[in-house]
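Have the viewer open alongside this report, and we can walk through the fold together.

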Amino acid sequence: MFKNTSITTQFALVFLLSLLLMGTASYLILDRIYMSQLKSQAETVADNVDAFGDWVAQYGRVWVKDNDQSYLGHALLYATDDPNEVPPHLTSVNYYSKNPALAQREFSEVVEHSKSPAKFRMTSHNVMNPNNKPDEFEQQALDAIRSQHLKEFYQLTPGGFRYARTLIHKASCIACHGSADAAPNDVKVRYGTQNGFGFKEGDVAGIISVRLPARSFGHVAFNVVGAWQLAMILAGFVIAMLYMRYAIVGRVRELTVATRQISLGKSADLGLAGINPKSHNELDQLAIATERLRVSINMAIKRLRGEPKQ
């Protein structure tokens, strides 16, 4: 069926099929680039979270004043900065210490309420704080990371781009997350002794979960490809069809008509007057070859008839 259709129709179908294949390939390539860009942004967020945790860990804990939502500490400070004051007066100041995990969690809460489009949180399969319980994506990421020994896991979801990076327990973490009996009393009082314990150095502690606003690449692609782009694609199709129609199919039809006239012993115009004998155009060469064939046939007929050569 396809072979019996006109060259114009065949060309149109092949052109559209080629356009579809190139469009699909471009879509897949750009989709990978888009995902790679989102992943790179999420990795940067996770890197910053890791760096902040390392900064806290190098001091063991950080301390703040007047915050009863963290671990309690106490200090006596001079009431004045003047070292010459005699006798120096002391005042009692309450300080509250925060270990790396707590500092990172509170940092995530600040970011959550900020204007930053990138959000993050820390979670685990064995959370000490019930507020850190993993959501559906995070549970899937934790399962995949633990069962497949992955370092990271990511997906483009209807709610945005989700990324999870493995957290490994360091020596500084074991003081609070190792044996429940050896954990600080303030940790046990606040969170109990059932969850968040039993880890060893090098164990998978959980994940840094990053959330970025993102749309599916389909929506992005349709926004990128606008009316002008579609018009140019259509113009390219029209130009190709016009070229096929007049530069190829039209010439073939003219040669077909001329050849038919020659087969009937009639004169025919092959358009040789406007053709350069050295032309690289295949249809020009076909016309020249047809003219040679016509001359050869006429000479053969004359020989058969016994007509003298001219």
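## The chain as a whole

A residue counts as buried when its relative accessible area is under 20%, and as exposed when that area is over 50%. With that cut-off, buried residues make up 30% of the 310 residues in the protein chain. Please keep in mind that this is a predicted model.

The chain has eight helices and seven strands. Among the contacts with a separation of 6 or more, 62% join residues 24 or more positions apart.

## Helix 1 against helix 2

Two packed helices are described by the angle between their axes and the distance between the axes. For helix 1 (residues 7-57) and helix 2 (residues 100-112), the angle is about 140 degrees and the axes are 9 Å apart. Angles over 145 degrees would count as roughly antiparallel, so helix 1 and helix 2 are oblique to each other. Their crossing is right-handed.

On the helix 1 side, the contact is made by Val49, Asp50, Phe52, Gly53, Val56 and Ala57, and helix 2 answers with Pro100, Ala103, Gln104 and Phe107. Sorted by class, this contact has seven nonpolar, two polar and one charged residues.

Glutamine 58 is exposed, with a relative accessible area of 53%. The C-alpha atoms of glutamine 58 and proline 100 are separated by 9.3 Å, although the two are 42 residues apart along the chain.

In soluble globular proteins, nonpolar side chains tend to be buried together. Here the largest nonpolar core has 19 residues, and Phe120, Phe161, Ile208 and Val210 are those with the most contacts inside it. Helix 1, strand 4 (119-123), strand 6 (160-168) and strand 7 (204-212) each supply at least two residues of this core. Helix 1 gives the most, with seven residues.

Which residues does phenylalanine 120 touch, not counting those up to four places away in sequence? The list is Val45, Val49, Gln104, Phe107, Ser108, Val111, Ser209 and Val210. A second, separate core of eight residues includes Ala144, Phe153, Ala164 and Ile207.

## Helix 7 against helix 8

The axes of helix 7 (residues 227-263) and helix 8 (residues 282-305) come within 11 Å and cross at roughly 5 degrees. An angle under 35 degrees counts as roughly parallel, so that is how helix 7 and helix 8 are described.

Helix 7 brings Ala247, Ile248, Arg251, Val252, Leu255, Thr259 and Ile262 to the contact, while helix 8 brings Leu283, Asp284, Leu286, Ala287, Thr290 and Arg294. These residues divide into eight nonpolar, two polar and three charged.

Glutamine 285 is also found in helix 8. Glutamine 285 is partly exposed, with a relative accessible area of 30%. Leaving aside neighbours within four places in sequence, glutamine 285 is in contact with Pro277, Lys278 and Ser279. Its C-alpha atom and that of isoleucine 275, ten residues apart along the chain, are separated by 8.8 Å.

## A backbone angle to check

Most residues other than glycine have a negative phi. What is the phi of histidine 149 near? Its value is near 55 degrees, which is positive in a residue other than glycine. Histidine 149 lies in the loop between helix 3 (136-148) and strand 5 (152-157), and histidine 149 is exposed, with a relative accessible area of 69%.

Conventions: Residues numbered from 1 in each chain as written. Predicted model: local features only at pLDDT ≥ 70, side-chain atom pairs only at ≥ 80, totals over all residues. Heavy atoms only, no water. Axes fitted to C-alpha atoms, helices over the stretch in contact; angles between N-to-C directions. Helix = DSSP H or I, 4+ residues; strand = E, 2+ residues; numbered from the N terminus. Parallel < 35°, antiparallel > 145°, perpendicular 65-115°, else oblique. Left-handed = near helix turned anticlockwise from the far one by under 90°. Contact = heavy atoms within 4.5 Å. Nonpolar A, V, L, I, M, F, W, Y, C, P; charged D, E, K, R; others polar. Core = buried A, V, L, I, M, F, W, Y, C linked by side-chain atoms within 4.5 Å. Buried < 20%, exposed > 50% of the residue type's maximum accessible area, 1.4 Å probe, protein only.
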